[in-house]
Every structure is written in C-alpha cells, then in structure tokens.
Amino acid sequence: MKKILVVCGNGLGTSLMMEMAVKDVIKKISFDAEVDHEDLSSAVSSNADIWVAATDVATQLEAAGKINIISLKNIFDKASIEEQLTALI
C-alpha cells in the first residue's frame with residue numbers, strides 16, 4: 001500500500017481539507033493508499049510515496065529533497081489532484 005502525505009504549514013485546517021479531497025479522489029480511481037496529513041516541519045523528516053501540498057509548501061518540500069509531489073494552486077481542485085496522481089501512478 002502506498003503512503004500519501006498531505007502537508008501544509010501548520011498541519012491543521014488546510015492539510016485536513018486537502019486530505020479529504022485526496023481521499024475522495026483515491027476512492028474514485030480505486031487507488032489503494034494510506035492518507036495522512038502533517039505540518040511542513042514534521043514532513044521534512046517523514047517518509048511517503050507521494051506528497052500533496054499547496055504550491056508554496058510543495059516548493060519547500062522539493063527543496064528538502066522530496067519527490068513525487070502533487071502541487072496544488074487550488075487546494076480544493078480534485079480534478080488537479082486526480083490528474084497529477086494518475087500521472088504519478
């Protein structure tokens with residue numbers, strides 16, 4: 001099972017909303033994954049197969065050496081999540 005980590009600055013509201021959107025998408029496309037959310041400072045030392053974050057946080061994840069990042073201009077854009085996730089899998 002793949003691990004998807006949804007990241008925002010504080011690991012509270014934004015990442016929780018993105019996590020719910022990601023869960024909707026993986027259910028729709030029948031992708032088996034564990035989804036969790038975390039704040040940016042914790043995420044830098046965490047491991048995941050796929051990362052999901054708003055554009056500004058995604059840039060910081062990339063700078064920290066993370067790969068397979070889904071970068072969102074609009075955190076509610078399920079179509080963008082689905083498109084980028086499908087490209088990664």
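Student: Is Ser 15 buried or exposed?

Tutor: Ser 15 is buried, at a relative accessible area of 0%. Buried stands for under 20% relative accessible area, exposed for over 50%, and partly exposed for what is in between (1.4 Å probe, protein chains only). Keep in mind that this is a predicted model: local features need pLDDT of at least 70, side-chain atom pairs count only at pLDDT 80 or more, and totals for chains, interfaces and linings use all residues. Residues are numbered from 1 along each chain as its sequence is written, and side-chain values use heavy atoms, with hydrogens and water left out.

Student: Thanks! Where does Ser 15 lie, and which residues does it touch?

Tutor: Ser 15 lies in helix 1. Leaving out residues up to four places away in sequence, Ser 15 touches Val 6, Val 7, Cys 8, His 37 and Glu 38. Contact here means heavy atoms within 4.5 Å. Helices (H or I, at least four residues) and strands (E, at least two) are DSSP runs, numbered from the N terminus.

Student: What does Glu 19 pair with?

Tutor: Glu 19 forms a salt bridge with Lys 23, with the closest N and O atoms 3.0 Å apart. Both lie in helix 1, four residues apart, which is about one turn of the helix. Glu 19 is buried at 6% relative accessible area, whereas Lys 23 is partly exposed at 39%.

Student: What about Lys 78?

Tutor: The Lys 78 side chain meets that of Asp 24 in a salt bridge, at 2.6 Å from N to O. Lys 78 is in helix 4 (residues 78-88) and Asp 24 in helix 1, so this pair ties together parts 54 residues apart in sequence.

Student: And which residue does Lys 28 bridge to?

Tutor: Lys 28 bridges to Glu 82, where the closest N and O atoms are 2.8 Å apart. That pair also links distant parts of the chain, with Lys 28 in helix 1 and Glu 82 in helix 4. Lys 28 is exposed at 62% relative accessible area, while Glu 82 is partly exposed at 22%.

Student: Now the strands. How do strand 3 and strand 4 pair?

Tutor: Strand 3 (residues 50-54) and strand 4 pair in the parallel sense, over four bridges. Strands count as paired if DSSP finds at least two bridges between them. Trp 51 stands opposite Ile 69 in strand 4.

Student: Which residues of strand 4 are covered?

Tutor: Ile 70 and Leu 72 make up the covered face of strand 4, and Ile 69 and Ser 71 the uncovered one.

How values were computed
A salt bridge is a side-chain nitrogen of Lys or Arg within 4 Å of a carboxyl oxygen of Asp or Glu.
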